[in-house]
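Please consider the following structure with its sequence at hand.

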Amino acid sequence: MHKTRKQDFGSVDLLAAKKIEENTQEIPSKQILTSVLQMKQVTRQQKREKRRRLLIGLLVLLIIIGAIIIFLRSSYFAIKDIKVEGMNYYSGAEVINMSGATTGRNILFDAGKSEIQDNLEKNPYFKSVKVKRKLPSTIIIKVEERPQIASIQFGDSYIVIDDEGIVLRRADLDPKLTLLTGLTISKMTIGENIEAEEKEILAMTLRMLNTMRDGDMYFKKIDVARVVIKAYIYDNLMVKGTPGEITEAIDSGELQKVVTNLFEQDISRGTIVMGGSSYMSFSPELDED
């Protein structure tokens with residue numbers, strides 16, 4: 001009997017120890033699970049807070065952008081002044097009228113730069129056109145005009161050309177430019193190069209006219225019917241030679257000296273005959289041959 005009791009007590013002790021061990025293992029597992037759940041809850045809260053801050057930031061950004069757009073479209077940036085630079089033949093008002101530029105439009109979003117440039121470039125007088133904004137309210141139109149350098153009589157009217165032979169306009173009245181005679185015109189279209197049978201002589205004469213302009217000389221009329229041209233300073237005073245010879249004499253300043261000398265002597269009739277190496281001779285007779 002006594003021995004059996006010992007064995008029963010032993011069994012009870014073993015069962016108690018096992019329960020203690022199981023309880024000891026179960027407690028940490030619950031703690032870990034609780035900690036994981038708490039971490040997940042914190043993570044979800046952090047994500048919600050992050051999304052909330054992101055939405056607030058985005059809303060603020062949209063408000064700022066909207067305010068900027070409203071400001072940029074305000075009357076502060078309305079065009080109030082239009083300036084023109086580089087004009088010679090046309091006045092500033094004429095350029096503005098041709099360009100279609102108007103005040104009151106928004107300088108940033110509705111200035112019409114391309115439209116202004118396209119409108120002006122249709123006119124052959126304008127070699128180049130640039131449109132710039134000067135904030136907050138000024139448009140600057142900068143043009144480079146083709147110089148009207150000579151005219152050619154064409155029937156009862158005159159064709160005005162630039163230094164490259166481009167037809168600028170057709171005039172009913174004498175434009176008071178150097179008149180080119182002796183040309184046989186084969187094509188005349190405004191905005192394009194004039195075409196004549198005397199192509200080479202015309203090209204050399206245009207180069208001579210450029211030199212004339214830069215050298216402070218003026219010819220009233222130039223007869224280009226032959227290789228040896230006749231360039232009239234006055235109705236009865238002319239220079240006779242090739243365009244190359246006359247160009248060289250103007251470029252060196254020698255022709256200007258001769259003309260000044262004749263002017264000082266009150267001589268307004270005769271012929272200045274060109275030779276090689278800027279050589280010149282003068283005859284009081286007007287050589288019409």
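A residue is called buried when its relative accessible area is under 20%, exposed when it is over 50%, and partly exposed in between, with a 1.4 Å probe and protein chains only. The model is a predicted one, in which local features need pLDDT of at least 70 and side-chain atom pairs count only at pLDDT 80 or more, while totals for chains, interfaces and linings use all residues. Residues are numbered from 1 along each chain as its sequence is written, and side-chain values use heavy atoms, with hydrogens and water left out.

Asn88 counts as exposed because its relative accessibility is 68%. This residue is found in the loop between β1 (81–85) and α2 (92–99); here helices (H or I, at least four residues) and strands (E, at least two) are DSSP runs, numbered from the N terminus. Asn88 and Val143 are 55 residues apart in sequence, and their C-alpha atoms are 9.4 Å apart in space. Thr138 lies in strand β3 (residues 138–145). With a relative accessible area of 12%, Thr138 is buried. Leaving aside residues up to four places away in sequence, Thr138 touches Asp81, Lys83, Ile107, Lys132 and Arg133, where contact means heavy atoms within 4.5 Å.

A nonpolar patch on the surface is formed by Leu58, Leu61, Leu62, Ile65 and Ile69, which together have about 440 Å² of accessible area. Patches are made of residues with over 30% relative accessible area and no salt bridge, like charges being joined within 9 Å and nonpolar side chains (Val, Leu, Ile, Met, Phe, Trp, Tyr) within 5 Å. The areas come from the Shrake-Rupley method with a 1.4 Å probe, and for residues only the protein chains shown count as cover. Ile65 counts as partly exposed, at 37% relative accessibility.

The charged side chains come next. A salt bridge is a side-chain nitrogen of Lys or Arg within 4 Å of a carboxyl oxygen of Asp or Glu, and the structure holds eleven of them. In one, the side chains of Lys127 and Glu164 meet at 3.5 Å, N to O. Lys127 lies in strand β2 (residues 126–134) and Glu164 in the loop between β5 (157–162) and β6 (167–171), so this pair ties together parts that are 37 residues apart in sequence. Both partners are partly exposed: Lys127 at 43% relative accessibility, and Glu164 with a relative accessible area of 39%.

A further salt bridge joins the side chains of Lys187 and Glu192 (3.2 Å, N to O). Lys187 is partly exposed at a relative accessible area of 33%, and Glu192 is partly exposed at 37%. In helix α6, the side chains of Glu254 and Lys257 meet in a salt bridge of 3.5 Å, N to O. These two residues are three apart in the helix, and therefore separated by about one helical turn. Glu254 is partly exposed, with a relative accessible area of 31%, whereas Lys257 is exposed, with 54%. Elsewhere, salt bridges that share partners join Lys127, Arg146, Asp162 and Glu164 into one network.

Strand β12 (residues 237–241) is mostly covered, five of its five residues being buried. In a regular strand the side chains alternate between the two faces of the sheet. In β12, Leu237, Val239 and Gly241 point one way and Met238 and Lys240 the other, and all are buried. Strand β11 (residues 229–234) pairs with β12 in the antiparallel sense over five bridges; two strands pair if DSSP finds at least two bridges between them. A hairpin of two residues joins β11 to β12, and Tyr234 stands opposite Leu237. With strand β13 (residues 270–274), β12 pairs in the parallel sense over four bridges. There, Met238 stands opposite Thr271.

Helix α5 (residues 243–252) has as its buried residues Pro243, Ile246, Thr247, Ala249 and Ile250. They lie on the same side of α5 because they cover an arc of only 165 degrees around the axis, the arc being that of the directions from the helix axis to the C-beta atoms. Their cover includes α4 (199–214), β11, β12, α6 (254–264) and β13. After α5 comes Gly253, whose phi is positive, near 90 degrees.
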